[in-house]
Amino acid sequence: MTDAHGNRLDPWVDAYATRARGMTASEIRALFAVASRPEVVSLAGGMPYVSALNLDAMADTISDLVRTRGTQALQYGSGQGDAVLREQIGEVMAEVGITGHPDDIVVTTGSQMALDLVTRVFCDPGDVVFVEAPSYVGALGVFRAYECTVIHVPMDDEGLQPVALAEAIGRARAQGLRPKMIYTIPSFHNPGGITQGPQRRRDILDIAQREGLLLLEDDPYGLLGFDDVGFGDAPPRAIRADDADGVVYLGSFSKTIASGLRVGWALAPHGVREKLVLAAEAAVLCPSNYAQMTISSYLATQPWREQVKVFRETYRERRDALLDELTRQMPEGTTWTHPAGGFYSWLTLPEGLDATAMLPRAVAALVAYVPGTGFYVDGSGRQHMRLSYCYPEPERIREGVRRLAGVIETEVELAATFGTGHTLHDPAGPSTPTPDQA
Amino acid sequence: MQVVVLAGGLSPERDVSIRSGRRVAEALRAAAPDWEVLERDIDADLLGDLSSMQPDCVVPLVHGAAGEDGALRDVLECLGLAYVGSRPNPSRMAFDKTIAKAVVEVDTPASVSLPHSTFRELGAAGVLRALDARLGLPVVVKPARGGSALGASVVREPGDLPAAMVGAFAYGEVALIEAFVIGMEVAIGVIDTGAGPRALPAVEIVPDGGFYDYAARYTAGTTEFYVPARLADDVAARAADAAVAVHSLLKLRDWSRIDFIIDAAGTPWFLEANVAPGMTETSLVPQALTAAGEDIGSMMVSLVNEAVTRV
């Protein structure tokens with residue numbers, strides 16, 4: 001029997017939306033599947049080190065919650081989020097200088113959902129979002145899904161460059177595009193590992209105000225600083241602390257308590273807040289009451305500030321191990337950022353090398369990283385990689401860097417032989433790991 | 001009967017292998033409800049577990065090195081365990097495309113296999129010029145050992161050869177540079193449940209992008225398959241004979257998948273042989289089985305029954 005048409009193994013192949021075109025199997029993801037094995041030192045994923053959490057205390061919290069308020073915790077809740085938790089989020093945000101009314105907080109399923117809601121509410125297809133170069137892969141995915149035009153703006157040692165930002169906005173307007181939003185991660189940037197100082201934050205806010213653009217401030221790592229970056233002993237002051245009307249602030253408990261509970265939030269001006277709540281109800285009806293009340297009970301009964309200190313010390317030790325071993329091992333021509341907090345360092349390879357092309361060799365050598373291309377929408381970033389130090393123990397981090405150095409040295413030799421470190425074919429599909437692949 | 005399906009491992013084809021293993025295990029459970037079918041990854045505890053379990057049969061579905069290069073099968077033989085599939089040395093020969101192409105007595109595209117060290121020591125520019133002179137363009141550049149088209153690319157311009165080599169060497173120490181044969185890409189499953197090897201209907205592969213790369217293999221909808229392939233009866237028969245011949249010449253056992261390009265004259269050009277064929281939702285052997293009116297479960301039950309008689 002010969003069919004006039006063959007079989008594509010997917011009867012819906014002609015029905016998918018245009019935006020689903022890039023959703024293909026990925027050679028890079030296949031490599032990350034290996035990275036999840038214990039033999040591999042994964043400097044790839046951004047999994048918080050939840051082992052540093054007091055699990056007994058969390059177990060007691062959950063047990064008590066279900067026993068005493070189970071009928072509420074296991075029921076639907078408000079689309080805006082639990083009122084008690086929103087009060088407590090206010091206390092958490094006070095740590096970064098924000099005074100916000102609980103009514104202006106929308107609790108979400110991780111701050112990723114808040115990102116989605118803000119983009120859904122603000123962006124029509126083609127609207128321009130300005131992002132750092134590089135930027136958080138999860139945000140780029142959301143902006144792409146809503147068919148935004150994403151424009152990367154360069155960073156320097158203090159993050160997003162104001163002059164370059166103003167120029168990019170001007171160019172976009174001159175081209176007839178519709179600038180809508182500036183998305184920034186001012187503290188302990190993912191993936192850049194860079195933090196904006198106080199003046200830099202003011203400069204960026206000035207531009208947003210002058211240009212009439214919404215500033216979307218993503219701050220999941222704000223409380224996880226190790227070094228003074230211009231704010232003394234306090235965590236970096238959020239941009240939102242200085243403008244309640246022009247900034248939507250995104251926060252998360254994923255890094256300070258537990259990522260598995262998936263609780264984040266948006267703090268938004270009143271009008272925006274209303275729309276975010278309606279959008280949230282359309283998307284998920286309400287965030288998980290169980291997860292919210294677990295977080296709320298934990299905040300009320302446990303020394304959460306002490307817990308944040310434990311996380312901070314854990315990550316500081318790992319950051320130090322990474323930077324120290326990079327200094328010892330990396331070949332000439334390799335550079336990297338020195339994060340003052342958070343989870344990541346951004347490494348630049350010697351001229352001509354390609355982190356995407358190199359990844360199979362790295363995984364074969366039992367070390368993994370995320371190639372820089374995942375953090376751009378335009379194929380840039382080949383010479384870069386993101387190294388994550390949050391999950392492996394310090395000695396494993398050192399071992400991973402030793403393995404990586406060997407891989408880079410071999411790659412330098414290969415590039416010298418062939419006059420290029422790039423490959424002919426461009427792997428299709430996502431080039432970053434799934435959230436559970438550390 | 002206790003059967004252990006081995007899948008996973010540390011090769012870049014880990015994810016594919018896990019999906020293949022899951023599908024085969026489910027098919028076995030459905031076809032033989034009385035059997036105990038376990039799925040197991042490859043790790044440091046495996047040998048101890050297999051030694052203590054002493055399963056009646058093992059089905060190795062680990063793709064890539066270790067799974068297909070004979071090493072895992074050597075270990076299974078050391079443990080005295082029955083297993084489905086080819087023995088170690090034939091697996092070793094089949095996994096290395098260079099060796100397989102040299103051994104089979106069927107048409108195969110002209111090719112050269114070279115390690116990175118040759119380019120480094122003799123100078124890449126000179127070696128690439130010699131390759132161009134010998135094979136012309138286009139050529140296919142791929143790792144000599146490995147599957148799922150990882151690190152493989154088609155080179156149509158001389159200036160693209162260096163980048164193609166870098167891509168292939170990312171997945172292995174030796175690269176195979178093979179003349180590109182224009183024609184129909186087909187895969188033919190060969191099954192031997194005790195009565196001698198027989199070919200399943202050829203699967204014709206028409207990828208949207210023109211090259212059957214990793215994304216085209218594992219993204220449903222991006223490749224069009226015709227089963228049986230749109231071949232004249234005599235050409236189809238010739239291709240089937242060639243597949244069985246390759247299976248026999250390489251001394252493969254139980255099952256394999258043999259890949260060819262069939263040119264305009266109807267000549268099948270051998271590309272490679274696979275001793276642990278993919279069994280995912282988008283893989284080729286399951287499609288061939290369906291076209292033949294067979295199913296994965298029945299085939300695997302037959303192969304397991306055959307394997308246990310060999311111990």
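Domain bounds used in these legends come from an automatic or database domain assignment. The structure is a predicted model, in which local features need pLDDT of at least 70, side-chain atom pairs count only at pLDDT 80 or more, and totals for chains, interfaces and linings use all residues. Residues are numbered from 1 along each chain as its sequence is written, while chains are lettered from A and ligands numbered from 1 in the order in which they are written.

**View 1. The two domains of chain A.** Chain A is divided into domain 1 (23-52 + 307-418) and domain 2 (55-301). Their C-alpha centres lie 26 Å apart. Domain 1 of chain A puts 26 residues into the contact and domain 2 of chain A puts in 28; two residues are in contact if their C-beta atoms, placed from the backbone, lie within 7 Å. On the side of domain 1 of chain A that touches domain 2 of chain A, the elements giving two or more residues are α11 (304-329) and β11 (344-348) of chain A. Helices (H or I, at least four residues) and strands (E, at least two) are DSSP runs, numbered from the N terminus. The largest share of this side, six residues, comes from α11(A). By residue class, this side of domain 1 of chain A has 13 nonpolar, eight polar and five charged residues. Ala, Val, Leu, Ile, Met, Phe, Trp, Tyr, Cys and Pro count as nonpolar, Asp, Glu, Lys and Arg as charged, and the others, Gly among them, as polar.

**View 2. The contact between chains A and B.** Chain A supplies 34 residues to the contact and chain B supplies 38 residues. On the side of chain A that touches chain B, α1 (27-35), α12 (355-364) and α13 (394-418) of chain A are the elements that give two or more residues. That side of chain A divides into 15 nonpolar, 12 polar and seven charged residues.

**View 3. The nonpolar cores.** A nonpolar core is a set of buried Ala, Val, Leu, Ile, Met, Phe, Trp, Tyr and Cys residues joined through C-beta atoms within 7 Å. A residue is buried if 20 or more other C-beta atoms lie within 10 Å of its own, exposed if 12 or fewer, and partly exposed in between, with C-beta atoms placed from the backbone. The largest core has 88 residues, and those with the most contacts inside it are A:Ala362, A:Ala368, A:Tyr369, B:Val141, B:Met165 and B:Ala175. Helix α13(A) gives the most to this core, with nine residues. Both domain 1 and domain 2 of chain A give residues to this core, so it lies between them. Leaving aside its neighbours within four places in sequence, B:Met165 is in contact with A:Phe418, B:Phe119, B:Val141 and B:Ala175. A second, separate core of 73 residues includes B:Val4, B:Ala229, B:Ala243 and B:Leu303.

**View 4. Helix α10 of chain B.** This helix (residues 233-249) has 17 residues and reaches 24 Å from its first C-alpha to its last, close to the 24 Å expected at 1.5 Å a residue; the expected span is 1.5 Å times one less than the number of residues. Its buried residues are B:Ala236, B:Ala239, B:Ala240, B:Ala242, B:Ala243, B:Val246 and B:His247. These cover an arc of only 160° around the axis, which puts them on the same side of α10(B); the arc is that of the directions from the helix axis to the C-beta atoms. On the other side of α10(B), B:Asp233, B:Asp234 and B:Ala237 are exposed. The cover over the buried residues of α10(B) includes β8 (184-191), β9 (198-199), β12 (255-262) and β13 (268-274) of chain B. After α10(B) comes B:Lys251, with a positive phi near 60°.

**View 5. Positive phi values in two loops.** A:Leu366 is in the loop between α12 and β12 (367-368) of chain A, and its phi is near 65°, a positive value in a residue other than glycine. A:Leu366 is partly exposed, with 19 other C-beta atoms within 10 Å. B:Asp254 is in the loop between α10 and β12 of chain B, with a positive phi near 70°. B:Asp254 is buried, with 26 other C-beta atoms within 10 Å.

**View 6. Two cis peptide bonds.** A:Ala133 and A:Pro134 are joined by a cis peptide bond with omega about 5°. A:Pro134 lies in the loop between β3 (128-133) and α5 (137-145) of chain A. In chain B, a cis peptide bond with omega about 0° joins B:Leu137 and B:Pro138. B:Pro138 is in the loop between α7 (124-135) and β5 (139-143) of chain B.
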